Amino acid sequence: MKRFDLRHLKNNFCERLQKILESELEVGEVGIFLFEVLDFDNVQKSADVVEVSGNTLLNSLRFNEVDWTIVVRKETARVAK
């Protein structure tokens, strides 16, 4: 299990999330991602990135007033496009 803090990227975290899912997690490994919810659309965007990449969103929850956490299991070695 690896933890990734994407809060410093503000609303521009999706590209980094996708790259992590493609190259920094092994198949079967779980990643915990923390990002800021400056706009609640970011919650849906994160779920969309996970779905398109062929991985499994295990959990999605509000961490505190401004931060959101998602837990993702890498399911496939394919590269999302």
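**Salt bridges in a predicted model**

Let me begin with a group of three residues: Asp 5, Arg 7 and Asp 67 are joined in a network of salt bridges, a salt bridge being a side-chain nitrogen of Lys or Arg within 4 Å of a carboxyl oxygen of Asp or Glu. Please keep in mind that this is a predicted model, in which local features need pLDDT of at least 70 and side-chain atom pairs count only at pLDDT 80 or more, while totals for chains, interfaces and linings use all residues. Residues are numbered from 1 along each chain as its sequence is written, and side-chain values use heavy atoms, with hydrogens and water left out.

Searching the whole structure gives six salt bridges. One of them pairs Arg 7 with Asp 67, at 3.2 Å from N to O. Arg 7 sits in the loop between β1 (2–5) and α1 (14–23), whereas Asp 67 belongs to strand β4 (residues 67–73), so this pair ties together parts that are 60 residues apart in sequence; helices (H or I, at least four residues) and strands (E, at least two) are DSSP runs, numbered from the N terminus.

Is Asp 67 buried or exposed? With a relative accessibility of 5%, Asp 67 is buried, whereas Arg 7, at 25%, is partly exposed; here buried means under 20% relative accessible area, exposed over 50%, and partly exposed in between, using a 1.4 Å probe and protein chains only.

Turning to helix α1, Glu 15 and Lys 19 form a salt bridge of 3.4 Å, N to O, and these two residues lie four residues apart, about one turn of the helix. Glu 15 is exposed at 52%, while Lys 19 is partly exposed at 42%.
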